[in-house]
Amino acid sequence: MNDALRAYDTLALSRQGRRLTVTLNRGDALNAVNLRMHEELADVFTFAAQDEHSDVVVLTGAGRAFSAGGDLDHVAHNAANPHLFDNEVRLAKRIVFAMLDLDKPLVCRLNGHAVGLGATLALFCDVIFAAEHAKIGDPHVAIGLVAGDGGAVIWPQRVGLCRAKEYLLTGELIPAAVAAEIGLVNHCLPMTELDAAVDTFCDKLLAGSRNAIRWTKVLLNLELKRIATAVMDAGIAYEAVAQRQADHREGVQALIEKRKPVFKGE
């Protein structure tokens, strides 16, 4: 059997026993998602599902952030060339469904801030252990975009529709302690305790009945898949339309200039 790990440009894979760790590996850029990372994220969860040498998958980030969301240069390039965005939102759909199709437990080691798509990646994991200094949020609206790449699917399932609307309509970033209180993440703990907590939980899963655990996850994800199937295409379409609006260009320019945007809703 081939036990080689797939090589990626923006992701790092490693194994410890039958645990596979996927690390977002653009630490110098706070693991912001560029086109290459989009493409590789659309592949890596399929690889993890097919990997015969692992039964548990951990998703984490290199350095001090989990993921800062979209890479600013890349976002600005897409804002100036809207047609390029259409392929990427389709990649977002592939990422979400690859995560939902992964029957192995997927544990998030949230080592730092998770923003935008970074938050979506974390929230589609099965269990989330967050460092207490981390914040999580989906500020698509802050740059004039629709939260169409998965946020509208997963937030209501984790915290209910009312809270999901509050946070997705404002784009507010939530401290990990608050996120744990409202059920957005499972656990909030000091960074010094994060690895031990993740290790203990993964060991518990690895000591369990592999098929019973996998099939239970499959069963739990059936409803999520139904919701994602119903919502994702519309979300992608709305986000693609919003991406062509003046408000989005203003939001991106304001981010570059480090000022508040002035939206006109045209």
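A residue is called buried when its relative accessible area is under 20%, exposed when this area is over 50%, and partly exposed in between (1.4 Å probe, protein chains only). The model examined here is predicted, so local features need pLDDT of at least 70 and side-chain atom pairs count only at pLDDT 80 or more, whereas totals for chains, interfaces and linings use all residues. Residues are numbered from 1 along each chain as its sequence is written, and side-chain values use heavy atoms, with hydrogens and water left out.

We can begin with the sheet. Helices (H or I, at least four residues) and strands (E, at least two) are DSSP runs, numbered from the N terminus, and two strands are taken to pair if DSSP finds at least two bridges between them. On this basis, six strands make up an open sheet with mixed pairing, in the order 1-2-3-4-6-9. Its edges are strand 1 (11-16) and strand 9 (187-189), each of which pairs on one side only. Direction ignored, neighbouring strands are turned by 20° against each other on average. Helix 1 (residues 35-50) packs on this sheet and touches strand 1, strand 2 (19-24), strand 3 (56-61) and strand 4; contact here means heavy atoms within 4.5 Å. The direction of helix 1 makes about 20° with that of strand 1, where axes are lines fitted to C-alpha atoms (for helices over the stretch in contact) and angles run from 0 to 180 degrees between N-to-C directions.

Strand 4 deserves a visit of its own. Strand 4 (residues 106-110) pairs in the parallel sense with strand 6 (residues 127-131) over four bridges, and Cys108 has Ile128 of strand 6 as its bridge partner. Strand 3 also runs parallel to strand 4, and four bridges join the two; here Thr60 stands opposite Arg109 of strand 4. Five of the five residues of strand 4 are buried, so this strand is largely enclosed by the rest of the structure. Both of its faces are covered, with Leu106, Cys108 and Leu110 buried on one side and Val107 and Arg109 buried on the other.

Charged pairs come next. Side chains of opposite charge can pair when their charged atoms come close. A salt bridge is defined as a side-chain nitrogen of Lys or Arg within 4 Å of a carboxyl oxygen of Asp or Glu, and by this rule the count comes to 18 salt bridges. In one of them, the side chains of Asp51 and Arg15 meet at 2.8 Å, N to O. This pair links distant parts of the chain, 36 residues apart: Asp51 sits in the loop between helix 1 and strand 3, and Arg15 in strand 1. Asp51 is buried at 6% relative accessibility, while Arg15 is partly exposed at 25%.

Arg18 is partly exposed, with a relative accessible area of 34%, whereas Asp55 is buried at 13%.

A further salt bridge joins Arg26 and Asp71, with the closest N and O atoms 3.4 Å apart. Arg26 belongs to the loop between strand 2 and helix 1 and Asp71 to the loop between strand 3 and helix 2 (72-80), so the pair ties together parts 45 residues apart in sequence. Arg26 is buried at 17%, and Asp71 is buried at 14%. Elsewhere, salt bridges that share partners join Asp9, Arg36, Glu39 and Glu40 into one network.
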